[in-house]
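Open your viewer and get ready to click along. We will take the stops one at a time, with something to select at each.

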Amino acid sequence: MASSKYIFVTGGVTSSLGKGIISASLAKLLQARGYSVTIQKLDPYINVDPGTLNPYEHGECYVTNDGAETDLDLGHYERFLNVPTSQANNVTTGRIYQTVINKEREGAFLGKTVQIIPHITDEIKRRIQILGETGEFDIVITEIGGTVGDIESLPYIETVRQLKWELGSSALVIHLTLIPYLKAAGELKTKPTQHSVKSLLELGVQPDILVCRTEKSISSEIRRKVALFCNVNVNAVIESIDADSIYEVPVLMQKEQLDKVVLNKLKLPLQQEPTLEQWKNFLSKLKYPINEVKIGLVGKYIELKDAYKSINESFIHAGVANESKVIIEWIHSEKIDASNVASKFNGLHGILVAPGFGDRGIEGKITAIQYARENNIPYLGICLGMQCAVIEFARNVLEWKDAHSTEMNSATKHPVIDIMQGQKNITLKGGTMRLGEYTCSLQKGSKAFSVYGKQKITERHRHRYEFNNKFLKDFEDAGMIPSGINPENNLVEVIELKNHPWFIGVQYHPEYKSTVENPHPLFVRFVKAALDFSKVASQMTPGGMSSITI
Ligand code: GLN
């Protein structure tokens, strides 16, 4: 294909309407018709990237293969499309301004006054077109964060206006709005949609397609009304009804023919009708699980489930792969101590300690791990969860009572987790982490090897601290196996226990790589181990599984 087509997705009325899911669903349908598609997110905040943001702000920070710290929507894009994204797929206002200001300092603007239009908008344009210019994609979908009318999004909407003018029929705008149901009136209301389209029009952008989020089905009369007031075709008014699972949305969008309307407007051939066979198979297993398993997720940000988005989704994928429903019990690490751990974990079939930074809740995590280790409960530790497993083992098996990570205690005599020399020299926050994809070599005969079914794997990282190889021999002698090693720098990537049915800690983040079509083997096998454990537990507990409240 000569050049890419561009689809812009904007949002109106309110945030949280699901722009990311609509973009990913549309991309899935276009991909199923044979197009290569990528999705980009433009975030209107001033942070250069979300790496320094507290998870309570915007949820999880998602990491790409090339080590970009990005918005969690990129996780949805990858989970839906099964195609990796990169730094180019997420751009923030901070990054745009940083680039323009750096250029200004270098004298690149030859003494001109640097302004939002054209300099900032040109830089936004360049960032949008970078993906198209790779020649890899037929269609680039650009999701504009925020809501139309926000001061922050103005330069983005202005850029969309300019690009739409320049690209003609090679670009279109999808505007996502809300059609609220007023209970007292017993009616769906179109006025907020009309107003939000007006706001876009004031900025010079006429949307081509309206995707209307609603809790009740919208009638053809409402569709006609919206079309009339907003200058769009009736068939370009698309209903986006609330769904039980985000994974149903591509099928719902197919029913509404969103993909067809888009291709017709872009003057692209429809090609083959998407069957979404694998996807639908996944959905039916998701809806009708045969078994149930209960996993305790221990973390310190559990009040905001989005903070562990990719872990949550990985469990959905792994549950389907095991034809089981995975019920996640969210357990606050700060609330766990030796006196309550048994009651808190009673009835759980697996324990996962989540990634994290800083020492809040650290002792609760270590207590949880001790409980999993001593009671043969399947355990998966991710990043900090792996580091805590190492600390727990050092304290309670090797009996180094002061063992710790130097992140939490820099004075310990047993720094079993420590910052490596190479990282020490980098001091700027946001630049100190080991980020992105690294290879790992798995030990033949280990549990990790059997999980992956191969020796060489690559996984994504986001951390500063590492297993301290100075103590490796002691750990090995006591039964903790370093079953995954980075062949380039010799760092420990995976640990497991010899005398435990299923206990694995990984320094990397497997959750970033799990997709609907490729559920991550670590999660799949962890859920399988939890299922096996539940069967044993039900035989042991008087009253069996019925004693577990689900
Ligand atoms: N805080 C730990 C480190 O920096 C773990 C990071 C994480 O869990 N992502 O190494």
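A residue is called buried when its relative accessible area is under 20%, exposed when over 50%, and partly exposed in between, using a 1.4 Å probe and protein chains only. Before you start, note that this is a predicted model, in which local features need pLDDT of at least 70 and side-chain atom pairs count only at pLDDT 80 or more, while totals for chains, interfaces and linings use all residues. Residues are numbered from 1 along each chain as its sequence is written, and side-chain values use heavy atoms, with hydrogens and water left out.

**Stop one: a helix**

Select residues 116–133, which form helix α5. Helices here are DSSP runs of H or I with at least four residues, strands are runs of E with at least two, and both are numbered from the N terminus. Now colour some of its buried residues, including His119, Ile120, Glu123, Lys125 and Leu131. The buried residues of α5 pack against β1, β2, β5, α4, β6 and α6. Just after the helix, click Gly135, which takes a positive phi of about 80°.

**Stop two: Lys125**

Stay on α5 and zoom in on Lys125. Is Lys125 buried or exposed? Lys125 counts as buried, because its relative accessibility is 10%. Show Thr159, Gln162, Leu163 and Glu166 too: Lys125 touches them (heavy atoms within 4.5 Å), not counting residues up to four places away in sequence. With Glu166 there is a side-chain to side-chain polar contact at 2.8 Å. A polar contact is a pair of N or O atoms within 3.5 Å; within protein, one must be able to donate a hydrogen and the other to accept it, and residues adjacent in sequence count only if both atoms are side-chain atoms.

**Stop three: the ligand**

A ligand oxygen is 3.1 Å from an N or O atom in the side chain of Gln387.

Definitions and conventions: Expected span 1.5 Å × (residues − 1).
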